Amino acid sequence: MNRVLNFSAGPSTLPLSVLERARDEFISYKGMGFSIMEVSHRGKVFDELHNNAIAKVKKFYGLNDDYAVLFLQGGATLQFAQVPMNLYNGGVAQYVNTGVWTTKAIKEAKIQNINYEVVASSEDTKFDRIPQNIKFSDNADYGYICSNNTIYGTQYKEIPTTKCPLVVDSSSDLLSREIDFNSKNIGMFYGGAQKNAGPAGITIVIIRKDLASRVKDSVPTPLRYTTQIEANSLANTPCTFGIYMFDLVLDWIKDQGGLNAINAANKKKASTLYGFIDNSDFYKAHAKQGSRSLMNVSFTTPSTELDAKFVKEAEQNSMIGLKGHRLLGGLRASIYNAVSQKEVETLIEFMKEFQRVNG
Ligand SMILES: *Cc1c(COP(=O)(O)O)cnc(C)c1O
């Protein structure tokens, strides 16, 4: 079998064992004679799978019944619009701007003409860090952050503790570490599965039910969180295959020892890679110390020509997905949960050789 080393930012690599299990069950789910794609989302078989997946998410994050776990569609992008639509309550919504994805979220708040503020930003330093001393007003309708900035490679080491409900876009670090929802006052926590937790097609939304109930009558029914909470995400046909794949990834995380074990492995991978980059006078990391993402490592060689050569030669060496995002340029290695320490070390060997020849 020829699988390449995949450092794509999203959609991105999935654990091989998950793909193998999906392959084995593709035609006949658990030997029942049908694919999980071919049966009703309201039938007994899918229902059980669906509710088990919800229970697993709740267990990993220690969520009580104040929270609902939804599997929606429309990507994280639709959430940029759904958040202000559902959670703005006539006061103020406060955003921290740490990159492209928060800029897009802020734009949706503007379009909806709500009263919003950008309380901190790292735009003036090309989003190379998470701003310090972020302060949300205690009585804000919600505070908004993106926990991991996929493009710039920055990440909150700690989710801020707030008095106002906090909304977190965790698309690219979903299920990568334990998070205490209660002590942080997280009101809503979401992400597309396709970065760190499954295939494209489902958005995981964890929401405190009391916040969802703020919604105004003018919000269209399919765009209200309350609609999907009441219907257990079945107000319309969900992405059943995506939920199935996500459930397999949840089992894989458990097999790895859970979120703490995953987090420890991620820390080791990231420190190996940043350590190598910092000790080299050839490669340079974009993100500043203290703000560096464990998930996406954005870096450059001394020139854009060498960056392009790097991408090309990496592909010749069976390593894909290393081109940086078009907005930042350079290179990016996404080292999500499913990327192993060994794969990171193989990348570093390639980087060393590339530096030796081109440095
Ligand atoms: C990829 C990404 C998004 C957009 O996700 P879609 O599912 O394509 O809408 C939003 N936020 C972050 C942090 C992302 O990495």
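This is a predicted model: local features need pLDDT of at least 70, side-chain atom pairs count only at pLDDT 80 or more; totals for chains, interfaces and linings use all residues.

Start at the ligand, which has 13 residues around it; coming nearest are Thr77, Thr150, Asp169, Gln194 and Lys195. If you sort that shell by residue type, you get four nonpolar, seven polar and two charged residues. Which element gives the most to the shell? That's helix H3, residues 75-87, with four residues.

Now zoom in on some individual atom pairs. Thr150 places a polar side-chain atom 2.4 Å from an oxygen atom of the ligand. With Ala76 you need to look at the backbone: one of its N or O atoms sits 3.1 Å from a ligand oxygen. As for overall cover, the ligand on its own has 380 Å² of accessible area, and the protein covers 87% of that.

Next, turn to Lys195. UniProt, in an unreviewed entry, lists this residue under "modified residue: N6-(pyridoxal phosphate)lysine". You'll find Lys195 in the loop between strand E9 (186-192) and strand E10 (203-208). Is Lys195 buried or exposed? Its relative accessibility is 13%, so it counts as buried, the cut-off being under 20%. Beyond its neighbours within four places in sequence, Lys195 is in contact with Ala9, Gly10, Ser12, Thr150, Ser171, Ser172 and Tyr336.

A cis peptide bond joins Gly10 to Pro11, with omega at about -10 degrees. Pro11 itself is in the loop between strand E1 (5-6) and helix H1 (16-25). Why flag this? Because most peptide bonds are trans, and most residues other than glycine have a negative phi.

That brings us to two lysines on the phi side. Lys30, in the loop between H1 and helix H2 (44-61), has a positive phi of about 45 degrees. At 51% relative accessibility, Lys30 counts as exposed. Lys126 has a positive phi as well, near 55 degrees, and is found in the loop between strands E4 (116-121) and E5 (142-146).

Finally, zoom out. The unreviewed UniProt entry has the annotation "domain: Aminotransferase class V" over residues 4-347. Across that stretch the chain is 36% helix and 17% strand, and its end C-alpha atoms are 12 Å apart.

Methods:
Residues are numbered from 1 along each chain as its sequence is written. Side-chain values use heavy atoms; hydrogens and water are left out. A residue is near a molecule or strand if one of its heavy atoms lies within 4 Å of it. A polar contact is a pair of N or O atoms within 3.5 Å; within protein, one must be able to donate a hydrogen and the other to accept it, and residues adjacent in sequence count only if both atoms are side-chain atoms. Accessible areas come from the Shrake-Rupley method with a 1.4 Å probe; for residues, only the protein chains shown count as cover. Ala, Val, Leu, Ile, Met, Phe, Trp, Tyr, Cys and Pro count as nonpolar, Asp, Glu, Lys and Arg as charged, and the others, Gly among them, as polar. UniProt positions are given in the numbering used here, feature names are shortened, and annotations may be inferred rather than shown by experiment. Buried means under 20% relative accessible area, exposed over 50%, partly exposed in between (1.4 Å probe, protein chains only). Contact means heavy atoms within 4.5 Å.
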